[in-house]
Amino acid sequence: MFDKLFVRSGMLLAAANQPFVWQEHTREIITTALLSMVPTFEGRYAVTVALGMGMPPVFSYLLALICSSIPVPFILLLLRPVLDWFYTLPIKPVQRFAAWLERHAARKRASMNEKNQKGIRGKLSADAAELLALYIFVALPLPGTGVWTGSAIATLFEMPRGKAALVILLGNMTACLITTLAATGVLAIF
């Protein structure tokens, strides 16, 4: 266990001692920034790409976190108008998709509220339980979870935008941190 720690620490120290000249690494910075904004890839996976390209861990974390957080307000503000616009289109499959998406979200929200009433027994309000579930959903660095899906869920569940945005950003911070720690070998200590 300790040999892994020292080997990984040695690799990190060697990487930290090498100069990272920003002007020479513009391509890596832009690549990381753009990958951070791609749905399902997002910041938590862009961190590993950035570290693989030789960027410092703290800079990689902050760059991926900031760039992956950029789509959140746009999704929270624009998804509802886009769904409403889908209903006005004369294309039946698009209208059916919008209706299916809203029905599916309504069923999931009703199921969550029902489980909240049975399982938590008044210790947590339905709104707080939804926000906690949203945080956990975004914070887990698994495929299909993240800021894009979390923002869509918050919009479809009609959560308050400000609280949802804060929870999504906190979850994104956690997911990026977990991935950064795992990629740098810090979690190998445990």
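Q: How far apart are the end C-alpha atoms of helix α7 (residues 126-139)?
A: Helices are DSSP runs of H or I with at least four residues, strands are E runs of at least two, and both are numbered from the N terminus. The expected span of a helix is 1.5 Å times one less than its number of residues. Helix α7 has 14 residues, so it should span 20 Å. The distance between its end C-alpha atoms agrees: 20 Å.

Q: What pLDDT do side-chain atom pairs need in order to count?
A: Residues are numbered from 1 along each chain as its sequence is written, and side-chain values use heavy atoms, leaving out hydrogens and water. This is a predicted model, in which local features need pLDDT of at least 70, totals for chains, interfaces and linings use all residues, and side-chain atom pairs count only at pLDDT 80 or more.

Q: How many helices does the protein have?
A: From the N terminus on, the elements run α-α-α-α-α-α-α-α-α. The strand count is 0. The helix count is 9.

Q: Which residues of α7 are buried?
A: Buried means under 20% relative accessible area, exposed over 50%, and partly exposed in between (1.4 Å probe, protein chains only). Across the protein, buried residues make up 34% of the 190 residues. In α7 they are A129, E130, L131, L134, V138 and A139.

Q: How many disulfides does a search of the whole structure find?
A: A disulfide is a pair of cysteine sulfur atoms within 2.5 Å. C67 has a relative accessible area of 9%, so it is buried. C176 is at 0%, so it counts as buried too. The number of disulfides found is 0.

Q: Is E28 buried or exposed?
A: A salt bridge is a side-chain nitrogen of Lys or Arg within 4 Å of a carboxyl oxygen of Asp or Glu. E28 forms one with R27, the closest N and O atoms being 4.0 Å apart. R27 has 60% relative accessibility, so it counts as exposed. E28 has 12%, so it counts as buried.

Q: Which residue forms a salt bridge with E42?
A: The closest N and O atoms of this pair are 3.7 Å apart.

Q: Which helix holds R80?
A: E102 forms a salt bridge with R80, the closest N and O atoms being 3.2 Å apart. The pair links distant parts of the chain, 22 residues apart, with E102 in helix α6 (residues 92-119) and R80 in helix α5 (residues 71-88). E102 has 24% relative accessibility, so it counts as partly exposed. The helix that holds R80 is α5.

Q: Which residues are linked in a network of salt bridges?
A: By the salt-bridge rule, the count comes to 4. The network links R80, D84 and E102.

Q: Where is I70 found?
A: I70 has a relative accessible area of 38%, so it is partly exposed. I70 lies in the loop between α4 (57-69) and α5.

Q: What C-alpha separation do T31 and M53 have?
A: T31 lies in helix α2 (residues 26-36). T31 has a relative accessible area of 28%, so it is partly exposed. T31 and M53 are 22 residues apart along the chain, and their C-alpha atoms are separated by 10.0 Å.
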